[in-house]
Amino acid sequence: MTPLFLASTEVWLDQLVNGLTTGSIYALIALGYTMVYGVLQLINFAHGEVFMLGSFAGYGTLVALGGNDLSGGMVAVALILAFLAAGGASLGTAVAVERVAYRPLRNAPRLAPLISAIGVSVLLSHLVDDGFLNGGAKFYPQIFPDGDIELGPLQVTYLQLFLMGSSLAMMGVLYWIVQQTKTGRAIRAVAESRDNAALMGVNVNRTIVVTFALGAVLAGFAGVLYGLFFSSIRGSMGFLPGVKAFTAAVLGGIGSIPGAVVGGYFLGLTETVGRELLNEIPGVNLPNQWKDVIAFALLVLVLIFRPTGIFGQKESKRA
Amino acid sequence: MPSPAARWKDARAASWDRLPSAARPLAWLILSLVVLFIPFFDDVWMRMFFLVALYVTLGIGLNVVVGLAGLLDLGFVAFFALGAYLVAIFDSPVSPAVNGTVNYWVLLPAAVGVGALFGVLLGLPVLPLRGDYLAIVTLGFGEIVRILLLNMDNITRGSSGLYELEKPAVAGYRVDAVSEFYVMIVIAAFVAWFATARLRDSRVGRAWEAIREDEDVAAAMGINTVKYKLMAFATGASIGALGGAINAPFIDFVAPQSFTLQVSINVLALVIIGGMGSTQGVIAGALILVGVPEVLQFEETANLLEKLGWLRDGMNTAIDGLNGLSPMNLAKLPPADEWGEKLALYRFIVFGALLVAIMIVRPTGLFPSRRREMEFAQTSDAELPAGGTV
Amino acid sequence: MRVRGHRSRIYLAFVAIVAMAAVFAAACGGDDDDGGSTAGFSDAGYKTAGLDKARVVTIDSGAAIKIGISSALSGDVKGLGVPIADSAEVAGDGVTIKGFKIEWVREDDLCTPEGGPAAADRLIKAKIVAAVGPICSGGTRASLAAFDKEGITHISPSATSGDLTSPTRAEGPYVTFFRVPVLNADEAAAQAKFIRETLKLKKAFVVNDTDDYGKDLAASFQTSFKAQGGEIVGTPEGYEKKTTDFKAIITKIKAAKPDVVYLAGFYAEATPFLQQLRADPDTKALVFMGGDGVKNDELLTGAKDAAEGAYLALPGGQGSQFAAYKSKYAAKYKGDAETVTFGAEAYDAATAILKALEKVAVEKSGKLEIDLKKLNEEIKKSNFEGASGVIKFESNGNRAGAIVRFFQVKGGKYVELPAK
């Protein structure tokens with residue numbers, strides 16, 4: 001009997017887990033894009049750098065607390081502090097960027113804030129790369145407990161479990177904030193119509209800042225998870241995850257919070273499981289470097305056949 | 001009925017009027033000035049001027065797509081790469097797919113044509129998209145092209161690149177010096193400018209602007225939006241390919257690492273900083289974004305900064321004074337000869353800050369086209385940006 | 001008879017055409033042979049450089065002799081480029097030529113094909129007499145002609161692509177270009193031999209950076225490894241610079257079940273790769289082999305335990321001058337020269353220029369005259385023991401004699417393995 005697939009079950013399950021972990025990070029970052037786009041119709045190009053600075057703040061905290069020498073219960077404490085520092089740094093960056101580079105342009109022609117955003121992105125990534133790191137990279141302390149869970153052919157390390165679990169928890173908290181709290185209602189109101197929200201007594205400027213802040217905190221958390229998992233961080237690290245996360249947000253339907261989450265996981269899985277699927281076609285053997293082509297080709301296809309994304313509403317068709 | 005001579009005069013006047021006033025003599029004047037001044041600059045400067053003129057050409061091309069038709073394109077580098085690779089594949093002795101060489105003057109128009117064709121091919125699927133969706137799809141397209149070039153070893157040699165290109169020859173004379181390539185790119189910039197200026201002031205240009213202002217209204221007025229959007233893509237793409245085809249024999253090393261998103265961002269940024277829709281704007285934008293970072297590396301800049309040594313000494317004295325007053329311990333300024341080096345080192349940081357600063361001070365760009373500026377002045381008070389569902 | 005004669009003429013014409021086609025094909029085929037050509041410098045080559053006759057540069061009394069350094073001083077490769085430039089400069093510490101001081105002129109080539117010729121032009125404008133660099137293959141290729149046109153001899157400490165010294169032009173290799181590093185093909189052959197004979201392993205999985213260096217090294221390794229009886233398992237997987245996510249590649253490695261993982265790339269990516277490889281229980285103990293791009297102190301500090309046991313090849317030996325280089329470097333830049341990739345090569349490239357200058361510079365009424373032609377000839381004749389072993393050049397500008405040393409990470413340090 002010939003096997004149904006060329007790749008073994010282990011490979012499929014492994015790629016599934018790989019896709020879900022990368023997808024978790026895309027989803028966390030995508031939430032920031034989608035929320036800012038929802039209230040401002042602005043591609044916050046600097047969001048990748050907000051993520052990057054969060055990652056560096058987490059790195060600094062871990063190193064200050066002992067780096068690779070941390071062990072036992074101290075690891076948990078250090079991680080919590082690193083998450084707090086990262087969230088704080090990202091929040092501070094995002095709020096400052098909004099104040100300096102976006103708010104003065106709120107009534108400017110539509111492309112002006114986009115260019116300003118690109119400027120902030122270039123500025124921040126090169127500030128870290130050229131100003132502080134001399135073009136090098138930093139490596140996260142490898143302090144997370146080793147080991148894995150094996151269920152038959154399925155193999156998941158503790159770190160992967162932690163990454164997937166904590167991202168889901170954070171996304172849950174965000175969803176609760178947006179759906180159940182007063183602040184969340186304000187955000188949704190501003191996204192519906194800024195003018196009407198203002199008339200109803202919503203402080204529009206404050207709400208926009210809160211939106212930036214919420215997205216930034218998630219990006220900062222994602223930065224720490226990214227560092228723990230992939231270890232290498234640098235000034236330009238925000239660019240590709242940033243673009244991918246934006247792709248994820250568009251895939252899910254920009255402006256939609258569940259859309260960003262689903263888009264993130266979908267993109268992560270496409271890059272890993274999707275490539276394996278293509279490799280099942282006889283004569284096709286795509287090495288790893290094709291994964292970005294697959295991701296972007298998927299984006300083009302989705303936008304052609306369903307331009308508003310998976311969860312998109314009519315609104316997103318209008319520019 | 002007017003006499004034939006008068007009719008001819010009318011027709012001529014009409015076509016002249018469509019150009020910016022006195023454009024043609026002015027164009028020739030500028031071109032001759034540009035060429036006449038070449039002997040006064042060495043290769044280091046000419047290389048900078050070439051780069052500026054190249055980006056002016058690319059900017060003129062992208063301006064059609066972004067400035068006139070209002071289609072935000074973040075994948076412009078793909079067409080630039082296309083033009084360069086078309087020339088390199090047929091003119092490089094190391095090209096694995098093609099043996100022998102094809103005359104450069106055949107490839108140059110071919111690059112323009114292929115550029116237009118790919119512009120239409122890209123345009124077709126993304127036509128229904130608007131605004132930011134278009135931006136991200138074109139960005140993805142640019143990345144796909146770069147990754148394909150990187151991995152199609154049997155055509156492009158991947159990152160090893162294509163090189164030792166056959167130089168373009170004019171009547172047996174090989175174009176080789178930096179200044180000669182500079183003349184080529186300046187001529188290309190003029191051709192691009194002339195063509196787009198004519199298009200802008202024609203029926204096509206008005207259709208583009210109508211689409212940019214409101215696509216639905218434009219369609220309702222009977223404008224075939226599909227046709228005109230494709231035309232905009234094709235025009236921009238062919239100019240991008242033209243720039244690539246001239247750049248290829250100049251840098252003589254065509255490899256995917258030269259065609260990153262950074263190029264698309266640079267071109268877009270210079271179009272917008274200069275002021276969308278205007279050619280002076282593109283030139284100003286290219287000088288600032290491409291020229292200044294290069295000039296920062298020149299020894300003339302370092303020498304100039306050295307002459308300002310007294311300024312640094314004064315400031316250091318002030319810093320000493322401040323340090324005496326409080327235990328701040330401010331660092332002193334570095335010796336003047338290090339300034340140029342430091343500035344060159346941090347040029348990308350300066351670039352980013354410049355983008356933000358210019359957008360905040362002049363969100364319409366430095367030299368907005370008059371028509372756009374008027375539109376902006378009219379709408380800025382009355383039409384506040386609306387909320388998400390609009 | 002008449003008919004036969006006619007036929008034979010057709011036959012002759014046919015043979016002639018086939019022969020011409022064969023010659024043409026052979027000539028074309030020669031182009032595809034990367035780095036295989038061993039043609040040396042030609043008279044025509046000296047002519048393009050204007051070095052077929054004396055080309056004298058005069059240095060005024062009190063002025064300094066300028067030597068250029070083209071290296072990556074900013075951007076992504078700065079970490080490699082700045083220490084290389086520093087290493088070249090310390091070779092001139094305290095050196096004067098006939099009472100004239102040495103001035104180093106540094107220009108940033110960004111390690112890109114656009115940056116290379118631009119830096120070359122700036123160096124030429126600064127009136128240098130010779131140069132160290134450029135440091136990357138792409139930038140070097142693009143600037144060969146710019147240096148050649150001015151007759152400026154330049155020595156690259158680190159450009160390793162095979163075909164830089166066998167360009168397709170009719171004049172043959174550029175006579176103004178020399179290089180000190182061991183070529184990728186030689187390094188890969190030594191690595192293949194080491195895996196087969198010392199480690200006695202058979203199945204290798206190849207991972208490479210898609211840049212020029214990684215691709216070239218990986219391709220050479222596959223050829224050599226198969227030639228030595230090894231087997232390449234799975235499909236070689238590529239990654240772009242700055243990649244951090246190697247999980248999908250590791251999944252493929254697990255499926256292919258190799259004896260050894262071979263990585264052709266740089267430490268910035270090898271560090272997260274090793275960490276992710278070691279985090280997976282199935283690949284925790286897999287043998288790892290890397291090249292010169294990987295052997296860097298950053299790997300030890302970044303990867304920590306994950307680097308333990310890794311094998312690394314380092315082309316180039318350590319010559320008697322290494323101690324001198326090391327102490328000068330430590331004194332001026334507070335760094336350890338052992339950790340500088342291509343540092344010894346840069347030191348030797350600069351030394352070769354200085355030694356040649358000493359021989360050819362002539363003092364005339366307070367001014368110094370340097371004939372670029374003689375300088376070029378002296379550099380070609382270099383024969384001294386430097387920091388990276390004996391410096392001698394082949395007839396095409398490549399360095400003669402390739403030494404490759406092997407290291408293993410033990411207890412957080414690189415330990416050199418005894419040569420066989």
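By a nonpolar core I mean a set of buried Ala, Val, Leu, Ile, Met, Phe, Trp, Tyr and Cys residues joined through C-beta atoms within 7 Å. I keep in mind that this is a predicted model.

Entry one, cores. I looked up the largest nonpolar core and found 282 residues, of which B:Val87, B:Ile185, B:Ala245 and B:Leu355 touch the most other members. Helix H3 (residues 43–68) of chain B gives this core its largest share, 18 residues. I then listed the contacts of B:Val87, leaving aside neighbours within four places in sequence: B:Tyr104, B:Leu107, B:Ala111, B:Leu165, B:Ala245, B:Ala248 and B:Pro249. Another core, of 71 residues, lies apart from the largest one and includes C:Leu51, C:Ala88, C:Phe342 and C:Ile353.

Entry two, confidence. For chain A I noted a mean pLDDT of 86, with 95% of its residues at 70 or more. Among the elements of chain A, helix H2 (residues 47–64) has the highest mean pLDDT (94) and helix H11 (residues 291–305) the lowest (80). I flagged residues 315–319 of chain A, where pLDDT stays under 50.

Entry three, a sheet in chain C. I found an open sheet of 3 strands in the order S1-S15-S14, with antiparallel pairing. Which strands stand at the edges? They are S1 (56–59) and S14 (362–364) of chain C, each with a single partner strand, so one side of each has no neighbour in the sheet. The twist averages 30 degrees from one strand to the next. S14(C) and S15(C) (residues 367–371) pair over 3 bridges, and C:Glu363 stands opposite C:Leu368 in S15(C). Helix H13 (residues 372–380) of chain C packs on this sheet, touching S1 and S15 of chain C.

Note on methods
Residues numbered from 1 in each chain as written. Chains lettered and ligands numbered in written order. Predicted model: local features only at pLDDT ≥ 70, side-chain atom pairs only at ≥ 80, totals over all residues. Buried ≥ 20, exposed ≤ 12 C-beta atoms within 10 Å, placed from the backbone. Helix = DSSP H or I, 4+ residues; strand = E, 2+ residues; numbered from the N terminus. Contact = placed C-beta atoms within 7 Å. pLDDT = per-residue confidence, 0-100. Pairing = 2+ DSSP bridges. Axes fitted to C-alpha atoms, helices over the stretch in contact; angles between N-to-C directions.
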